[in-house]
Amino acid sequence: MTMNLLLFYLLAATAIGSALLIVAMQQLVRSLFLFFLTLFAMAGLYVFALADFIAVTQVIVYVGGVLVLMLFAFMLSNKTLLNDLQLGTKGMFTLPRWQAMFVAVLFLVVLIAMVSQIAVNPPVWITEAQANQTWIRAQDHTIHHLGVNLMTRYVLPFEVISVFLMMTLMGAAHLARKEKKES
Amino acid sequence: MITLTHLLVVSALLFTIGLYAVLVKKNAILILIGVEFMINAAILNLVAFGRYDGAAYGGQIFALFAIVLAAAAVAVALAIILNVYKHYNSIDPDDINDLKD
(Lines give C-alpha, C1' and ligand atoms only; values in the text may rest on other atoms or scores of the structure.)
Protein backbone atom coordinates (compact mmCIF):
# COMPACT_ATOMS: atom_id res chain seq x y z
CA MET A 1 0.00 0.00 0.00
CA THR A 2 2.79 2.42 0.84
CA MET A 3 4.47 1.53 -2.45
CA ASN A 4 1.22 2.48 -4.14
CA LEU A 5 1.11 5.83 -2.44
CA LEU A 6 4.78 6.47 -3.11
CA LEU A 7 4.31 5.84 -6.82
CA PHE A 8 1.29 8.12 -6.85
CA TYR A 9 3.20 10.97 -5.25
CA LEU A 10 6.10 10.42 -7.64
CA LEU A 11 3.82 10.64 -10.68
CA ALA A 12 1.92 13.62 -9.32
CA ALA A 13 5.15 15.46 -8.56
CA THR A 14 6.43 14.72 -12.06
CA ALA A 15 3.25 16.01 -13.69
CA ILE A 16 2.98 19.17 -11.61
CA GLY A 17 6.72 19.87 -11.64
CA SER A 18 7.12 19.56 -15.38
CA ALA A 19 3.99 21.65 -15.93
CA LEU A 20 5.46 24.37 -13.72
CA LEU A 21 8.75 24.15 -15.62
CA ILE A 22 6.94 24.52 -18.93
CA VAL A 23 5.25 27.66 -17.67
CA ALA A 24 8.47 29.10 -16.30
CA MET A 25 10.69 28.23 -19.25
CA GLN A 26 11.53 30.58 -22.08
CA GLN A 27 12.61 28.19 -24.83
CA LEU A 28 9.69 26.84 -26.77
CA VAL A 29 11.26 23.61 -28.01
CA ARG A 30 12.34 22.54 -24.56
CA SER A 31 8.92 23.17 -23.12
CA LEU A 32 7.37 21.14 -25.96
CA PHE A 33 9.57 18.21 -25.04
CA LEU A 34 8.77 18.64 -21.36
CA PHE A 35 5.12 18.44 -22.34
CA PHE A 36 5.83 14.78 -23.18
CA LEU A 37 6.76 14.18 -19.56
CA THR A 38 3.59 15.77 -18.21
CA LEU A 39 1.41 13.70 -20.53
CA PHE A 40 3.14 10.45 -19.58
CA ALA A 41 2.78 11.22 -15.88
CA MET A 42 -0.88 12.03 -16.40
CA ALA A 43 -1.34 8.66 -18.10
CA GLY A 44 0.18 7.04 -15.04
CA LEU A 45 -2.26 8.92 -12.82
CA TYR A 46 -5.20 7.61 -14.84
CA VAL A 47 -4.06 4.09 -14.00
CA PHE A 48 -4.44 4.93 -10.32
CA ALA A 49 -8.09 5.73 -10.97
CA LEU A 50 -8.39 2.23 -12.50
CA ALA A 51 -8.79 3.60 -16.01
CA ASP A 52 -6.08 1.66 -17.78
CA PHE A 53 -7.63 1.92 -21.22
CA ILE A 54 -7.84 5.71 -20.89
CA ALA A 55 -4.17 5.74 -19.95
CA VAL A 56 -3.22 3.77 -23.07
CA THR A 57 -5.39 6.04 -25.21
CA GLN A 58 -3.70 9.05 -23.66
CA VAL A 59 -0.29 7.70 -24.61
CA ILE A 60 -1.38 6.83 -28.15
CA VAL A 61 -3.40 9.93 -28.96
CA TYR A 62 -1.55 12.63 -27.07
CA VAL A 63 2.03 11.47 -27.10
CA GLY A 64 1.77 9.78 -30.47
CA GLY A 65 -0.54 12.19 -32.21
CA VAL A 66 -0.86 15.61 -30.67
CA LEU A 67 2.75 16.08 -29.70
CA VAL A 68 4.13 14.85 -32.99
CA LEU A 69 1.70 17.20 -34.71
CA MET A 70 2.91 20.12 -32.61
CA LEU A 71 6.55 19.30 -33.26
CA PHE A 72 5.84 18.87 -36.96
CA ALA A 73 4.03 22.17 -37.28
CA PHE A 74 6.84 23.71 -35.35
CA MET A 75 9.79 22.26 -37.20
CA LEU A 76 8.28 22.50 -40.67
CA SER A 77 7.53 26.18 -40.32
CA ASN A 78 10.15 28.66 -41.43
CA LYS A 79 12.71 30.34 -39.28
CA THR A 80 11.05 33.73 -39.00
CA LEU A 81 7.93 32.08 -37.63
CA LEU A 82 10.10 30.29 -35.09
CA ASN A 83 11.65 33.53 -33.96
CA ASP A 84 8.30 35.30 -33.87
CA LEU A 85 6.83 32.48 -31.82
CA GLN A 86 9.62 32.74 -29.32
CA LEU A 87 9.77 36.49 -29.02
CA GLY A 88 6.13 37.46 -29.14
CA THR A 89 5.53 40.81 -27.56
CA LYS A 90 1.90 40.56 -26.52
CA GLY A 91 -0.11 37.75 -25.05
CA MET A 92 -3.66 36.80 -25.88
CA PHE A 93 -5.04 38.73 -22.92
CA THR A 94 -1.94 40.84 -22.17
CA LEU A 95 -2.19 40.39 -18.43
CA PRO A 96 0.89 41.24 -16.40
CA ARG A 97 2.48 38.36 -14.57
CA TRP A 98 1.27 39.23 -11.10
CA GLN A 99 -2.32 39.70 -12.20
CA ALA A 100 -2.36 36.31 -13.90
CA MET A 101 -0.79 34.81 -10.78
CA PHE A 102 -3.46 36.44 -8.66
CA VAL A 103 -6.29 35.07 -10.81
CA ALA A 104 -4.75 31.61 -10.90
CA VAL A 105 -4.15 31.42 -7.15
CA LEU A 106 -7.68 32.64 -6.48
CA PHE A 107 -9.02 29.95 -8.76
CA LEU A 108 -6.87 27.36 -7.00
CA VAL A 109 -8.32 28.43 -3.65
CA VAL A 110 -11.86 27.99 -5.00
CA LEU A 111 -11.05 24.57 -6.41
CA ILE A 112 -9.36 23.36 -3.22
CA ALA A 113 -12.36 24.58 -1.21
CA MET A 114 -14.64 22.52 -3.45
CA VAL A 115 -12.38 19.47 -3.11
CA SER A 116 -12.36 19.72 0.68
CA GLN A 117 -16.16 20.05 0.65
CA ILE A 118 -16.39 16.83 -1.34
CA ALA A 119 -13.91 15.11 0.96
CA VAL A 120 -15.94 15.99 4.05
CA ASN A 121 -19.35 15.04 2.75
CA PRO A 122 -19.17 13.15 -0.55
CA PRO A 123 -22.14 13.07 -2.93
CA VAL A 124 -24.85 10.51 -2.29
CA TRP A 125 -24.16 8.40 -5.33
CA ILE A 126 -20.53 7.96 -4.31
CA THR A 127 -21.41 6.79 -0.79
CA GLU A 128 -24.06 4.49 -2.24
CA ALA A 129 -21.55 3.00 -4.65
CA GLN A 130 -19.14 2.46 -1.79
CA ALA A 131 -21.84 0.85 0.34
CA ASN A 132 -23.15 -1.42 -2.42
CA GLN A 133 -19.68 -2.28 -3.73
CA THR A 134 -20.71 -1.21 -7.24
CA TRP A 135 -17.61 0.86 -7.88
CA ILE A 136 -14.87 -0.28 -10.21
CA ARG A 137 -12.45 -2.62 -8.49
CA ALA A 138 -8.96 -3.57 -9.54
CA GLN A 139 -9.95 -7.09 -10.59
CA ASP A 140 -12.75 -5.94 -12.94
CA HIS A 141 -12.36 -6.34 -16.68
CA THR A 142 -12.59 -2.65 -17.47
CA ILE A 143 -11.97 -2.94 -21.18
CA HIS A 144 -14.76 -5.48 -21.60
CA HIS A 145 -17.30 -3.27 -19.81
CA LEU A 146 -16.01 -0.20 -21.62
CA GLY A 147 -16.48 -1.77 -25.03
CA VAL A 148 -19.98 -3.10 -24.27
CA ASN A 149 -21.11 0.25 -22.87
CA LEU A 150 -19.61 2.16 -25.77
CA MET A 151 -21.59 0.13 -28.27
CA THR A 152 -24.89 0.04 -26.39
CA ARG A 153 -25.53 2.85 -23.95
CA TYR A 154 -23.27 5.46 -25.48
CA VAL A 155 -23.66 4.66 -29.15
CA LEU A 156 -25.21 8.03 -30.03
CA PRO A 157 -22.36 10.15 -28.59
CA PHE A 158 -19.97 7.75 -30.25
CA GLU A 159 -21.52 8.34 -33.67
CA VAL A 160 -21.73 12.08 -33.13
CA ILE A 161 -18.08 12.24 -32.17
CA SER A 162 -17.02 10.19 -35.19
CA VAL A 163 -18.85 12.57 -37.55
CA PHE A 164 -17.33 15.49 -35.69
CA LEU A 165 -13.86 14.01 -36.02
CA MET A 166 -14.29 13.58 -39.75
CA MET A 167 -15.45 17.19 -40.09
CA THR A 168 -12.42 18.38 -38.14
CA LEU A 169 -10.04 16.35 -40.25
CA MET A 170 -11.48 17.77 -43.43
CA GLY A 171 -11.43 21.29 -42.00
CA ALA A 172 -7.84 21.03 -40.85
CA ALA A 173 -6.73 19.63 -44.19
CA HIS A 174 -8.57 22.43 -45.97
CA LEU A 175 -7.02 25.09 -43.77
CA ALA A 176 -3.50 23.74 -43.96
CA ARG A 177 -3.53 23.27 -47.72
CA LYS A 178 -1.21 25.45 -49.72
CA GLU A 179 -3.26 27.90 -51.72
CA LYS A 180 -2.69 28.09 -55.41
CA LYS A 181 -1.86 31.51 -56.72
CA GLU A 182 -4.73 32.67 -58.92
CA SER A 183 -3.39 34.68 -61.77
CA MET B 1 -5.08 3.81 -0.58
CA ILE B 2 -5.49 6.57 -3.12
CA THR B 3 -8.70 8.40 -2.47
CA LEU B 4 -10.75 10.72 -4.63
CA THR B 5 -9.24 13.73 -2.89
CA HIS B 6 -5.70 12.90 -3.99
CA LEU B 7 -6.66 12.89 -7.65
CA LEU B 8 -8.85 15.97 -7.35
CA VAL B 9 -6.07 18.01 -5.76
CA VAL B 10 -3.62 17.06 -8.50
CA SER B 11 -6.15 18.00 -11.16
CA ALA B 12 -6.90 21.33 -9.45
CA LEU B 13 -3.18 22.17 -9.45
CA LEU B 14 -2.82 21.23 -13.10
CA PHE B 15 -5.87 23.27 -14.07
CA THR B 16 -4.47 26.32 -12.29
CA ILE B 17 -1.13 25.98 -14.06
CA GLY B 18 -2.95 25.77 -17.38
CA LEU B 19 -5.00 28.85 -16.57
CA TYR B 20 -1.85 30.78 -15.69
CA ALA B 21 -0.20 29.69 -18.93
CA VAL B 22 -3.19 30.82 -20.98
CA LEU B 23 -3.31 34.19 -19.25
CA VAL B 24 0.36 35.08 -19.26
CA LYS B 25 2.03 33.38 -22.21
CA LYS B 26 2.96 35.42 -25.22
CA ASN B 27 2.91 32.91 -28.04
CA ALA B 28 0.09 30.91 -29.45
CA ILE B 29 1.61 27.45 -29.11
CA LEU B 30 2.22 27.84 -25.39
CA ILE B 31 -1.33 29.08 -24.96
CA LEU B 32 -2.41 25.91 -26.73
CA ILE B 33 -0.34 23.87 -24.28
CA GLY B 34 -2.08 25.67 -21.42
CA VAL B 35 -5.44 24.70 -22.87
CA GLU B 36 -4.19 21.12 -23.11
CA PHE B 37 -3.28 21.22 -19.43
CA MET B 38 -6.79 22.29 -18.54
CA ILE B 39 -8.29 19.54 -20.71
CA ASN B 40 -6.04 16.98 -19.05
CA ALA B 41 -7.11 18.16 -15.61
CA ALA B 42 -10.74 17.78 -16.65
CA ILE B 43 -10.07 14.27 -17.94
CA LEU B 44 -8.42 13.35 -14.65
CA ASN B 45 -11.53 14.57 -12.84
CA LEU B 46 -13.80 12.55 -15.11
CA VAL B 47 -11.74 9.43 -14.55
CA ALA B 48 -11.52 9.95 -10.78
CA PHE B 49 -15.27 10.29 -10.41
CA GLY B 50 -15.95 7.61 -12.99
CA ARG B 51 -14.36 5.08 -10.69
CA TYR B 52 -17.54 5.07 -8.61
CA ASP B 53 -19.74 4.38 -11.64
CA GLY B 54 -19.26 0.65 -12.03
CA ALA B 55 -22.47 0.07 -13.96
CA ALA B 56 -22.41 2.60 -16.78
CA TYR B 57 -18.72 3.59 -16.99
CA GLY B 58 -19.82 7.13 -17.83
CA GLY B 59 -16.69 8.85 -16.59
CA GLN B 60 -14.24 6.70 -18.50
CA ILE B 61 -16.19 6.81 -21.76
CA PHE B 62 -16.56 10.56 -21.67
CA ALA B 63 -12.87 10.83 -20.83
CA LEU B 64 -12.22 8.99 -24.10
CA PHE B 65 -14.47 11.45 -25.93
CA ALA B 66 -12.67 14.37 -24.33
CA ILE B 67 -9.31 13.03 -25.51
CA VAL B 68 -10.64 12.78 -29.07
CA LEU B 69 -12.04 16.31 -28.89
CA ALA B 70 -8.74 17.68 -27.61
CA ALA B 71 -6.84 16.03 -30.45
CA ALA B 72 -9.24 17.51 -33.00
CA ALA B 73 -8.93 20.93 -31.38
CA VAL B 74 -5.15 20.84 -31.58
CA ALA B 75 -5.19 19.88 -35.26
CA VAL B 76 -7.50 22.75 -36.18
CA ALA B 77 -5.77 25.28 -33.93
CA LEU B 78 -2.33 24.55 -35.38
CA ALA B 79 -3.68 24.85 -38.91
CA ILE B 80 -5.26 28.19 -38.01
CA ILE B 81 -2.08 29.48 -36.36
CA LEU B 82 0.04 28.61 -39.40
CA ASN B 83 -2.52 30.16 -41.75
CA VAL B 84 -2.78 33.36 -39.75
CA TYR B 85 0.97 33.62 -39.78
CA LYS B 86 1.03 33.18 -43.54
CA HIS B 87 -1.52 35.94 -43.97
CA TYR B 88 -0.39 38.53 -41.44
CA ASN B 89 3.27 37.60 -40.95
CA SER B 90 2.72 37.61 -37.21
CA ILE B 91 0.83 35.60 -34.64
CA ASP B 92 0.29 38.46 -32.27
CA PRO B 93 -3.43 38.26 -31.55
CA ASP B 94 -3.68 42.06 -31.48
CA ASP B 95 -2.62 42.37 -35.12
CA ILE B 96 -5.39 40.18 -36.40
CA ASN B 97 -8.18 42.65 -36.84
CA ASP B 98 -10.13 41.98 -40.01
CA LEU B 99 -12.39 39.27 -41.28
CA LYS B 100 -12.11 37.52 -44.60
CA ASP B 101 -12.90 40.04 -47.30
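1. Let's start where the chains meet: the contact involves 76 residues of chain A and 62 of chain B. Here, two residues count as being in contact if their C-beta atoms, placed from the backbone, lie within 7 Å. Keep in mind that this is a predicted model, in which local features need pLDDT of at least 70, side-chain atom pairs count only at pLDDT 80 or more, and totals for chains, interfaces and linings use all residues. Residues are numbered from 1 along each chain as its sequence is written, while chains are lettered from A and ligands numbered from 1 in the order in which they are written.

2. On the side of chain B that touches chain A, two or more residues come from each of helix H1 (4-24), helix H2 (28-50) and helix H3 (58-88) of chain B. Helices are DSSP runs (H or I, at least four residues), as are strands (E, at least two), and they are numbered from the N terminus. That side of chain B has 47 nonpolar, 10 polar and 5 charged residues. Nonpolar means Ala, Val, Leu, Ile, Met, Phe, Trp, Tyr, Cys and Pro; charged means Asp, Glu, Lys and Arg; the others, Gly among them, are polar.

3. Chain B has 3 helices and 0 strands, in the order α-α-α along the sequence. Its radius of gyration is 17 Å, well over the 13 Å that the globule rule gives for 101 residues, so chain B is more spread out than a compact globule. The radius is taken over C-alpha atoms, and the rule is 2.2 Å times the number of residues to the power 0.38. The C-alpha trace of chain B spans about 55 × 25 × 15 Å along its principal axes.

4. Now for the largest nonpolar core, which has 62 residues; among the members that touch the most others are A:Leu45 and B:Leu44. Such a core is a set of buried Ala, Val, Leu, Ile, Met, Phe, Trp, Tyr and Cys residues joined through C-beta atoms within 7 Å. H2(B) gives the most to this core, with 15 residues. Leaving aside neighbours within four places in sequence, A:Leu45 contacts residues including A:Leu11, B:Leu7 and B:Leu44.

5. Finally, look at A:Tyr62 in helix H3 (residues 52-76) of chain A. A:Tyr62 is buried, because 26 other C-beta atoms lie within 10 Å (the cut-off for buried is 20 or more; 12 or fewer is exposed, and in between is partly exposed, with C-beta atoms placed from the backbone). Not counting residues up to four places away in sequence, A:Tyr62 touches A:Leu39 and A:Leu67.
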